[in-house]
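Visitor: I have a structure to look at with you. Could you show me how to read charged pairs and buried positions?

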Amino acid sequence: PARYLALSSNPRIIKRLLGIRTLVADLMWIDLLIKADIRRTDEPFTDFYRAARAITTLDPAQYNVFYFAGLYLSVIKDDIKGATALLREGAQHILRSGLEHHPFSWKVFFILGYNLIFEELEISEGSEWIKKAGANELAPRYVRDLANRVSTEQGRLQVASRVLADLYRRLSTPEERI
């Protein structure tokens with residue numbers, strides 16, 4: 001794709017220009033959405049990640065960037081490390097701001113937890129984020145049900161067992177299964 005506008009701009013300089021920081025972040029976000037493609041990459045911290053990171057540096061209150069870009073990086077780009085880093089940053093910003101009950105916060109917490117459990121295989125940390133998502137009264141029932149399940153040791157073991165069974169099923173050669 002063409003180079004993302006966010007990669008050709010220095011957020012430190014834009015932050016000093018009072019009054020236009022949010023406007024530039026919005027323009028970068030629109031540019032990022034327009035130039036997004038469906039090509040998978042095998043490298044962590046892709047250009048899409050770096051562009052999304054520049055946008056969230058300028059305007060960390062854009063929770064939709066954390067959510068959408070985290071999903072996109074994980075599912076479309078296969079940039080698991082970039083997705084985890086961006087989602088962690090978003091979740092930490094939500095917690096620092098005291099917005100864990102904001103209508104959008106459960107989505108960032110849930111996707112981070114899901115990514116940690118199913119992509120990074122970090123069951124215990126992912127479970128904690130799922131529980132935070134389930135604590136939001138606006139979270140759908142399936143999120144609250146999963147949060148209840150992973151709140152116990154037995155529930156975490158069941159989730160871990162399913163993840164490992166799925167991973168084992170996806171391995172193609174006998175050498176990988178050992």
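Visitor: Is Arg50 buried, exposed or partly exposed?

Guide: This is a predicted model, and in it Arg50 has a relative accessibility of 38%, so Arg50 counts as partly exposed. Asp47 is also partly exposed, at 34%.

Visitor: What do the side chains of Asp47 and Arg50 form?

Guide: Here is the general idea: side chains of opposite charge can pair when their charged atoms come close. In this case, Asp47 and Arg50 meet in a salt bridge, at 2.3 Å from N to O. Both residues lie in helix H3, 3 residues apart, or about one turn of the helix.

Visitor: Which residue forms a salt bridge with Asp31?

Guide: Lys35 does, with the closest N and O atoms 2.9 Å apart. Asp31 is buried because its relative accessible area, 13%, is under 20%. Lys35, at 23%, is partly exposed.

Visitor: Which pair links distant parts of the chain?

Guide: Look at Lys81 and Glu120, whose side chains meet in a salt bridge of 3.0 Å, N to O. Lys81 sits in helix H5, while Glu120 is in the loop between helix H6 and helix H7, 39 residues apart. Lys81 is partly exposed at 45%, whereas Glu120 is buried at 16%.

Visitor: How many salt bridges does a search of the whole structure find?

Guide: It finds 10. There is also a network of salt bridges linking Asp37, Arg39 and Lys77.

Visitor: Where is Thr46, and is it buried or exposed?

Guide: Thr46 lies in the loop between helix H2 and helix H3, and is buried, with a relative accessible area of 4%. Setting aside neighbours within four places in sequence, Thr46 is in contact with Thr41, Leu73 and Asp79.

Technical notes
Residues are numbered from 1 along each chain as its sequence is written. This is a predicted model: local features need pLDDT of at least 70, side-chain atom pairs count only at pLDDT 80 or more; totals for chains, interfaces and linings use all residues. Side-chain values use heavy atoms; hydrogens and water are left out. Helices (H or I, at least four residues) and strands (E, at least two) are DSSP runs, numbered from the N terminus. Buried means under 20% relative accessible area, exposed over 50%, partly exposed in between (1.4 Å probe, protein chains only). Contact means heavy atoms within 4.5 Å. A salt bridge is a side-chain nitrogen of Lys or Arg within 4 Å of a carboxyl oxygen of Asp or Glu.
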